[in-house]
There are 4 protein chains.
Amino acid sequence: MTLQRSSANGASMTGALRRILHSGELHFALEAHDGMSARIVERAGFGCLWASGFALSTVSGVRDANELSWTDIVRMTEAIADAVAVPVLVDGDTGHGDFNIARRFVRKLELAGAAGVCLEDKLFPKTNSFVGDDHALADVEEFSAKIRACKANQATPGFCIVARTEALIAGLPLEEALARAEAYRAAGADAVMVHSRAPVADDILCFAREWQQRLPLVISPTTYCDTPAEAFRSVGISLAIWGNHAMRAAAAAIDRVAREIHRRESVNDLDTPLARLDEVFDLIGYDELEDARASYGRPAEVAPS
Amino acid sequence: MTLQRSSANGASMTGALRRILHSGELHFALEAHDGMSARIVERAGFGCLWASGFALSTVSGVRDANELSWTDIVRMTEAIADAVAVPVLVDGDTGHGDFNIARRFVRKLELAGAAGVCLEDKLFPKTNSFVGDDHALADVEEFSAKIRACKANQATPGFCIVARTEALIAGLPLEEALARAEAYRAAGADAVMVHSRAPVADDILCFAREWQQRLPLVISPTTYCDTPAEAFRSVGISLAIWGNHAMRAAAAAIDRVAREIHRRESVNDLDTPLARLDEVFDLIGYDELEDARASYGRPAEVAPS
Amino acid sequence: MTLQRSSANGASMTGALRRILHSGELHFALEAHDGMSARIVERAGFGCLWASGFALSTVSGVRDANELSWTDIVRMTEAIADAVAVPVLVDGDTGHGDFNIARRFVRKLELAGAAGVCLEDKLFPKTNSFVGDDHALADVEEFSAKIRACKANQATPGFCIVARTEALIAGLPLEEALARAEAYRAAGADAVMVHSRAPVADDILCFAREWQQRLPLVISPTTYCDTPAEAFRSVGISLAIWGNHAMRAAAAAIDRVAREIHRRESVNDLDTPLARLDEVFDLIGYDELEDARASYGRPAEVAPS
Amino acid sequence: MTLQRSSANGASMTGALRRILHSGELHFALEAHDGMSARIVERAGFGCLWASGFALSTVSGVRDANELSWTDIVRMTEAIADAVAVPVLVDGDTGHGDFNIARRFVRKLELAGAAGVCLEDKLFPKTNSFVGDDHALADVEEFSAKIRACKANQATPGFCIVARTEALIAGLPLEEALARAEAYRAAGADAVMVHSRAPVADDILCFAREWQQRLPLVISPTTYCDTPAEAFRSVGISLAIWGNHAMRAAAAAIDRVAREIHRRESVNDLDTPLARLDEVFDLIGYDELEDARASYGRPAEVAPS
């Protein structure tokens, strides 16, 4: 296990995301929100991580309304990308401002080790797509120009920009979603994401059939989660993102263990499952540090503070 | 629910920690490592949070060997303190360097909303107390001077410095632990923590009886966790810290959910418990934002990005 | 000299700014952009510092178009406030987003040691007031609501919010500037700033006469800098801000010394004036560290790394 | 002018530093401490910048005793490297801890756009080499292991580690300095820096003659600054660093302008030279933003905040 993985090989990571998007098969990404969750999700077999703005906000204790600054997102992305050897796709919201802020933000994400970013055609500051009904969209040309600006400013050729349309979230018809996706493709987007909060996947599947794989297609089946993966495969979707489940599993488990410990005044024989200390040490690579100390350290080096 | 809680009332939080330490009763603190876990632990009823260096490192994907810088710890503390209205006691390790760095670090923690810090008499960079056998201690006078320097530099009178001796971890006898505790008391510490990784609490209980409550006593029953709380009460311990259980519950749950989703290619009807979206919105205070929008926002404010 | 000054006594600093604004006399603030410039400006006798967004951007090597994130501004403010014992008024631009981001940003500035913030009624992202002609203004009610939101969320009563109208910069008549100032006063602003880039001060002086000191009045005489201070005094202005002169003096001097050293391949007997090393040590308080080492340090403490 | 320069082409920057070190000619680096000073120094013709720990500390308002954390240094380095297209050599002090912290710090510097780092064989926390007489050195083998650890962990092959010996500062004989330099060469250092605070360059010149260009040699002629560059050329020195002159020129100029403005209550016709606003806009590349707005922006995009 090396010390810091993906930032070292950002180029290979962007290549890996590109391969996933163009593989012709359905891949899955699971949300991760810090170094630990990133490493666990990678270990479980996921070939791609989703750095969700909603999850990053939630674990930070703030609302998914751009209460984190764009530099906060960059720093959190860096910790995630450092922890894993699989590509990290970052939820970039609207880009946190105009084309100029967006291109600066996106490039800093890239330099922090992200393999790609997803930008959505909403207004800044954003509102979580699952909250409320006020989801006004950005002007198509303006958002297309933002994508062009970000593409023109990226540091490495492989970095991917996924253009996400919230047209369906905003209650607009399928045609509008398709027209926007086409505009973003023409602007240089590397993939298109179409978002929906309908309880069924009909719109998404229709979109995919009409889209005809003009660019790789990305979805996030949160509300229509009972649609089987086979349905997504059958319409040629490239990447399905499970958008917030690591965070929500953590929240539930912390809630359970906190209540249990509080009630019992003890951590002995808890019902809530805990990772053992040696599992944590293994996950985070304490063995590498031990080996390195054998190579580079010596007793006297541990020094008076 | 206010926007940001404890940083606003740092002074009242330091008072709250002081009251806990001097209440004459046994209190409990549970580890929290980010804003979300902090809020969950507070909601479960804990009157004090422990910002564990081990947990902060682990969720960041790095080892508990000062791989996080002291400013990283300050920023993470700020997110935790902002999220809750109960006092946060921060694991300050050795203070991250000499007395001068330690006093700067401690004051920045205080200004970030911490109610207190725990400093330990080991050498920088530290090794996790549960890893390996090389736990050389700091010189007593040097560490005492570090405590004096931090006390002299604090911004508000109520802020608490807990001096933690690792004498038992280092394999030294009880007398050494007591002598060090007394020296740190004389140097101005507000409480003493004695740490042990023995499987039974004998040393800790002996220490407490000999100590005679000269200052409030703090423990962290990790390895001797089958000792009942009653035993700690009977010897007058003020605060027992459950040091890493929120993080370990989160790790186990994320691991479970990631494997389950990967295997099933679906998030439908998962066996792993998840916090519902509305529970997350409630936890993080989306209602306050909705109310605020009614007071301060207007449709046109949601602006083109 | 203490270690960190103003953050410790944020409350007294906010009181100091309030006293300056309500003294009935004309005070001056000079721009500072980092800890060193802050301390030099304080030492020169200024009772108030201006943390200019333009200067902070410039020294960071970026444009004054919100290329710095709001958390970047908070961190830079902290370094400035830590360095001095006089109040720091921060240029908050538009608040970096809607009322919700603005109130979060403003409170973080306050907790970082700022005594006040200046918010302007332009659109995010902002354009430097001296660049171009596209200076569309925010809606009056929306901006007023932003001020109310920030006032309602501040941590200490003394913190000051200065509402700055760019009506004159936008080419609007004096009446509009006055109407906006009155609206912001009604919304709870602690002072009003009126900005102009006219070569003469006529508009500003007219404004001040009409305003009748309903609230303290702040100006920044950059383009109309040949107007004597007496003119500002005669119309009851409270604070005149010299907005970018420390940065511009630094830029000129660095340019000169860099060219001179490059040409001469030597730093011997330079024509460009340099602060002597002992002056730098004195400015930054090395004496305090030496004293502290005598109290708290010891030879063995300087430890193997 | 591009938006962000060197981070994009870190690899070419490390190549550029390597070429400078191996050119067989004497090159010069001048200190820069932020984005603005970096760009000015580059424009004056310097082919290499020195991110001095002393200057970074001073402009931050703190002492050169590791009062900045290593992540502070990384962030400041990023701003400097982003601003220029010439290589940045960073003053890494002792590496801010043991080999493990050092290798993490160094790799983060590399990913932030630095072309190289200079590590010195002193103890953490460091004392400025020009202050006091307590300059105990690190153990040779320990410091050599630190260099090996950093070299093994770097992300790109071209990144340079300059091993700096403080043997002469510590009052040790030339033989010790040479023996240490040789040990660091054997450990994999890419260049050697020998530091002295003697008023004359005799030691340095002797060292260089004995060294025989086994590796490129770097010096910083601060106290022996009246030695002509020809003397350095004659002994085959590769790089001479002017270590703090941009910061000291800025300090002197800010002091002058602050006193002048305070005395005159005016910024009209100042004696202190100021960069004009248009010069600042030109330096920071406002033209690029204007061009980009023509390509990517549109009136409606400047949005209500």
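**Stop one: the cysteines**

Search the whole structure, over all chains, and you'll find zero disulfides. Keep in mind that this is a predicted model.

Next, pick C225(A). Its closest cysteine sulfur belongs to C118(A), and at 20 Å that's too far for a bond as well. Is C225(A) buried or exposed? With 16% relative accessibility, C225(A) counts as buried.

**Stop two: the barrel in chain B**

Switch to chain B and show the strands. Eight of them make a closed barrel, running β1-β2-β3-β4-β5-β6-β7-β8, with parallel pairing. From one strand to the next, the twist averages 25°.

Now zoom in on β2 (residues 49-51) and β3 (residues 88-91) of chain B, a parallel pair with three bridges. Click W50(B): its bridge partner in β3(B) is L89(B).

**Stop three: the barrel in chain C**

Over in chain C, eight strands close into a barrel in the order β1-β2-β3-β4-β5-β6-β7-β8, and the pairing is parallel. Neighbouring strands in this sheet are turned by 25° against each other on average, ignoring direction.

Select β3 (residues 88-91) and β4 (residues 116-120) of chain C; these run parallel and are joined by three bridges. To finish, highlight D91(C) and look across to β4(C), where C118(C) stands opposite.

Definitions and conventions: Residues are numbered from 1 along each chain as its sequence is written. Chains are lettered from A and ligands numbered from 1 in the order in which they are written. This is a predicted model: local features need pLDDT of at least 70, side-chain atom pairs count only at pLDDT 80 or more; totals for chains, interfaces and linings use all residues. Side-chain values use heavy atoms; hydrogens and water are left out. Two strands pair if DSSP finds at least two bridges between them. Helices (H or I, at least four residues) and strands (E, at least two) are DSSP runs, numbered from the N terminus. Axes are lines fitted to C-alpha atoms, for helices over the stretch in contact, and angles run from 0 to 180 degrees between N-to-C directions. A disulfide is a pair of cysteine sulfur atoms within 2.5 Å. Buried means under 20% relative accessible area, exposed over 50%, partly exposed in between (1.4 Å probe, protein chains only).
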